[in-house]
Amino acid sequence: MAKPCTGLKVAIVGAGFAGLTTAIECRKRGADVVLFDSSPSRRQLGDIISFGSNSGRIFRSWPGVEEALDPICHHSDGLVFRAYDDDYLCTQKWGAEADWGKRFNGHRGEIHEIVWNHAVDLGVDIRLGNKVTEYFETETEAGAVVNGERIAADVVLAGDGVRSTARTIVLGFEDKPKSSGYAVYRSWMPTDKLKDNPLTAWLADPNIDHHVGWLGPDVHFLVATLQKGTACSWVLTHKDEADVEESWSAPGYVEDAVKAVDGWAPIVHAIIRATPEDALVDWKLVFRDPLPTWISPKRRIALIGDAAHPFLPTSIQGASQSMEDGVTAAICLELAGKGNVPEALRAYEKIRYPRVLATQRTGVTNRDNWHKADFDYVKKNPESVKLPRQDWVLNFDCSGHAYQVYAETVEELKENPDWKPDTSLS
Ligand SMILES: Cc1cc2nc3c(=O)[nH]c(=O)nc-3n(C[C@H](O)[C@H](O)[C@H](O)COP(=O)(O)OP(=O)(O)OC[C@H]3O[C@@H](n4cnc5c(N)ncnc54)[C@H](O)[C@@H]3O)c2cc1C
């Protein structure tokens, strides 16, 4: 029997988690999927990345993926919070949310490879070294100019990341990023040097993965160990007004990172000083206001993932929400059918936008809860630093939800054809 999207031509831009999820979910439904990425190779770039139980559920729906992820991911039962002087504050246990499903935290490159292989196994045509420079659409098709060649499809889903060029056709102008006022030193490193120092040797325990957050005024330092005590990843978020392009490969310097935690406990300095210089990235956190829309004027091109909605890392939801986009877009295309692509994309935007915006807000509140905290208050009320864990974010089945609300969403859009998303982050 023909699958529901048989005959639908889908062009996807960007083989990040948004693009790959969209490709897998469209391909599962029988669409012809071609995926373009400008990178010349499937690189192992990145370090720790977190997927909440809402996207963990998506991984688990793909045969064999959970089994491949388990051995490489971090497994701890809680996040230990300590103050900048190493005073113990509290432990946030994950047991309370066990019923919501499984979380996956691990190296971005390693997780990416597993998802990539799953897409290839399903027959997704991934074309590397294919840079999209322009987009076009008519009433009946949409496409992209790829390495100078015009390629047409029924629909284009653009997951080309925070520096998306697809935004220009969607918005009708080129939007400008702005500094968030924060930057992150980040590293993924072997634990050899940690083992040699009595202050830090416990972090390299082969039997227990550790997750510890040291918090201080306007800085937080999170450390996770994994893979039987052989790997350690840390991120140090601090204030930074420098106007630097967002990048995963800008080199960071150990001495600069140490300066950001001047006066903090010796263990924090010891972890940073155990970092090989070539394993340190200085990532300026660029921010963008929520976009007025994610879909193009003729409704045949839609933004997905970071291209549509960059997240602050403190939401811990950027990658998860990108995956939810992919699942929802594929379901909308399935339910609309090849003849109703514009209806599918409008429904995709209306279903996803309010949820994404509400989740983006949690990134701002979580960051301010840690960074703007009065540490005299925190020491008296240590539980105040715990991350709010909302069940509406994490205990969520985006697939079931899309099937459930699609028809009513289309009806609402017919009744209110001028509907525009609320874009207020406050
Ligand atoms: C190299 C890299 C490393 C990262 N490391 C981390 C990390 O360690 N921790 C973390 O939390 N998050 C990391 N991120 C971000 C994280 O993956 C995303 O925030 C999240 O997963 C959403 O993904 P996305 O698919 O929307 O965008 P991205 O993951 O940014 O993927 C966008 C893709 O689009 C491709 N692309 C861009 N422009 C074009 C174009 N014009 N034509 C064709 N292809 C194009 C890029 O090559 C990239 O593969 C990283 C992103 C990248 C690209």
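Let's start with two helices. Helix α2, residues 53–60, packs against helix α9, residues 318–336, at an angle of about 50 degrees, with the axes 8 Å apart. Helices here are DSSP runs of H or I, at least four residues, numbered from the N terminus. Axes are lines fitted to C-alpha atoms over the stretch in contact, and angles run from 0 to 180 degrees between N-to-C directions. That angle makes α2 oblique to α9.

A quick word on the model. It is predicted, so local features need pLDDT of at least 70 and side-chain atom pairs need 80 or more, while totals for chains, interfaces and linings use all residues. Residues are numbered from 1 along each chain as its sequence is written, and side-chain values use heavy atoms, leaving out hydrogens and water.

Back to the pair. α2 passes α9 in a left-handed crossing. Left-handed means the near helix is turned anticlockwise from the far one by less than a right angle; clockwise is right-handed. From α2, the contact uses Asn 54, Ser 55, Ile 58 and Phe 59; from α9, Ser 320, Gln 321, Met 323, Glu 324 and Val 327. Contact means heavy atoms within 4.5 Å.

Next, α9 meets another partner. Helix α10, residues 341–371, packs with α9 at about 155 degrees, with axes 8 Å apart. That makes α9 roughly antiparallel to α10. This crossing is right-handed. Among the α9 residues that meet α10 are Gln 321 and Glu 324. Both also take part in the contact with α2.

Now α1, residues 17–28, and α4, residues 108–121. They pack at about 20 degrees, with axes 10 Å apart. That makes α1 roughly parallel to α4. α1 passes α4 in a left-handed crossing. Phe 17, Leu 20 and Ile 24 are the α1 residues here, and those they meet in α4 include Arg 108 and Trp 116.

Arg 108 leads us to the ligand. How many residues surround the ligand? The count is 29, and the closest are Asp 37, Asp 47, Ile 48, Arg 108 and Asp 306.

A polar side-chain atom of Asp 306 lies 2.5 Å from a ligand oxygen. For Asp 47, a polar backbone atom is 2.6 Å from a ligand oxygen. For Ser 39, a side-chain N or O atom is 3.4 Å from a ligand oxygen.

How values were computed:
Angles under 35 degrees count as roughly parallel, over 145 as roughly antiparallel, 65 to 115 as roughly perpendicular and the rest as oblique. A residue is near a molecule or strand if one of its heavy atoms lies within 4 Å of it. A polar contact is a pair of N or O atoms within 3.5 Å; within protein, one must be able to donate a hydrogen and the other to accept it, and residues adjacent in sequence count only if both atoms are side-chain atoms.
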